[in-house]
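Dear colleague,

I am handing over the structure below, and my notes on what was found in it follow. Please read them alongside the coordinates and tell me where you would look further.

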Amino acid sequence: MTITTIHDLQILAERRVPRMFYDYADSGSWTEQTYDDNEDDFELIRLRQKVAVNMEGRSTASTMVGQDVAMPVACAPTGLTGMQHADGEILAAKACEAFGVPFTLSTMSICSIEDVAENTSKPFWFQLYMMRDRDFMSRLIKRAKDAGCAALVLTLDLQVLGQRHKDIRNGLSAPPKLTLANMINMATKPRWCMGMLGTKRREFRNIVGHVSGVEDMSSLSAWTASQFDQSLTWDDVEWVKNQWDGPLILKGILDPEDAKLAVKTGADALVVSNHGGRQLDGAFSSIRMLPVIVDAVQGDIEVHMDGGIRSGQDVLKAVALGAQGTYIGRAFLYGLGAMGQQGVTTALEIIHKEFDTTMALCGRTGTDQLNGENLYLPEGFEAG
Ligand SMILES: Cc1cc2nc3c(=O)[nH]c(=O)nc-3n(C[C@H](O)[C@H](O)[C@H](O)COP(=O)(O)O)c2cc1C
C-alpha cells in the first residue's frame, strides 16, 4: 500500500491494531460531535494563494516554549501508546527525536519515563495528570526532572473521564483481558502479538510499582475514578509550578476566561484543547476557539493548540490563527499502529511536506510570517 496521507496510515492501523486499542484512539466522548467538529471545522477555512514570491531558502523551523522545533508540531501525550504497538512510546520518542520535534509522554503511558529516557538521547516532554496522592505526584515530577524532561504539560480537562461508548463495549484494559472475543480478534493481528510477546512493557509503568495499594490498574476508567483529583483548582497549578520549576504548559484550555486565569499562573504556554473531543462532548472545536483565546490573552502567554490536525495544511491554519505550536494525537498514533517507528516518521514527514508546500504556495517563507491574511474564514467562524 502506498502511503501518502494520514488517512492511509489510519487504514493500515485499523488492520494491524487489535480492535479495542484502535477504537480507543478513534473515538470521542458521547455523540462524538466535538471529535468530528475538530476535523470538520478545519475544512471550512480556505487558503489565500499568492504567486511570484521568492520561495527559496524557506524554513518550517520555529520554537515552542523557547525550544527549537523543526516545525511547529509536537506529538501530543496519549495514554496506552505502548498498546498501539509494542514499546510504542519509545518508538514514537525516537521518531520525534530524529525529526527534531518534541515528544510528550503521558502519565498514562505503557513505557515509563525511565524507559523512554534510557532509549533516547534528547530531552522529551512529560504530561502530568493530577492525582489525589500528592506524594506520588511529587515523586513523579521529580522522576521527570531526573530524566531531563524539557517541559511539563499539566492537563486540566480530565478530572472526570468523558464517557466513550466504544471503550465500555470493548472492555478496554491494559494489558487486554484474555476473553474469547479478544483472543479471536488478536489472532488476526499476528504482527502486533509478536511485538507484544517480545517486550516486557505491557502495563502502566509510570504507576505500577510506584504507588502502593493500587488494585485494579488495568482498567483505565476505574483507575481514573479512584485516583484522579476531582478537587483540582487553579491553586494546585501553583503547587505543580513550584515542584517542577521549569517550562510549564497548561493543557485543556477552551475558554477565554480560563485562558486569562492561565496567564495569571505564570505558566509558559497554554494548549487550546478539548482533549481531541474525548471529554466535554458539545464543546466547540479547538480551531474555532483558538482565535478567541489568542485575542483574550493579548500575547501574555504562548498559545498552542491541538485537536483535529490531520495534515500540514491544518497546522498552517492553526499557526496563521495565532498558535505558536500545535500537537498531533491520532495522526501519530495511526502511524505507530500501522508501522511502528517508521510509521511515526512517515506521519511527521507527510505533515511536514504538506506544511512546507502550503506555506510556499501561500507566498510565505517562514512560520513567523503566517497570519490571518493567509486565510479566508467563513462568516461567524470564531466561537463565542
Ligand atoms: C488515544 C488517545 C489517548 C490520549 N491520552 C491522553 C493523555 O493521557 N493525556 C492527555 O493530556 N491527553 C491525552 N489525549 C489527548 C491528546 O493529548 C490530544 O489532546 C488530542 O489527541 C488532540 O487531538 P487529535 O487526536 O485530533 O490530534 C489522548 C488522545 C488520544 C487520541
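Helices here are DSSP runs of H or I with at least four residues, numbered from the N terminus, and in this predicted model the helix α14 is followed by G322, whose phi is positive, near 115°. Most residues other than glycine have a negative phi, and most peptide bonds are trans. V65 lies in the loop between β2 (62-64) and β3 (67-69), whereas the place of D245 is in the loop between α11 (234-244) and β8 (248-253). Are these residues buried or exposed? V65 has 22 C-beta neighbours inside 10 Å and therefore counts as buried, while D245, with 10 other C-beta atoms within 10 Å, is exposed.

A further backbone feature is the peptide bond from A174 to P175, which is cis, with omega near -5°. P175 is placed in the loop between α7 (165-170) and α8 (180-187).

Turning to helix packing, α4 (residues 88-99) and α15 pack with their axes 8 Å apart and at an angle of about 15°, which means that α4 is roughly parallel to α15. The crossing in which α4 passes α15 is left-handed. On the α4 side, the residues that take part are G88, L91, A92, K94, A95, A98 and F99, and they meet F332, L336, G340, Q341, V344, T345 and L348 in α15. By class, this contact has nine nonpolar, four polar and one charged residues.

The ligand is surrounded by 26 residues, of which the closest are A76, G79, S106, G276 and G329. The elements that give two or more residues to this shell are α2 (19-25), β11 (325-328) and α15 (330-361), and α15 gives the most, with three residues. Sorted by class, the shell around the ligand has twelve polar, ten nonpolar and four charged residues.

With best regards

Methods
Residues numbered from 1 in each chain as written. Predicted model: local features only at pLDDT ≥ 70, side-chain atom pairs only at ≥ 80, totals over all residues. Near = placed C-beta within 6 Å. Nonpolar A, V, L, I, M, F, W, Y, C, P; charged D, E, K, R; others polar. Buried ≥ 20, exposed ≤ 12 C-beta atoms within 10 Å, placed from the backbone. Axes fitted to C-alpha atoms, helices over the stretch in contact; angles between N-to-C directions. Parallel < 35°, antiparallel > 145°, perpendicular 65-115°, else oblique. Left-handed = near helix turned anticlockwise from the far one by under 90°. Contact = placed C-beta atoms within 7 Å.
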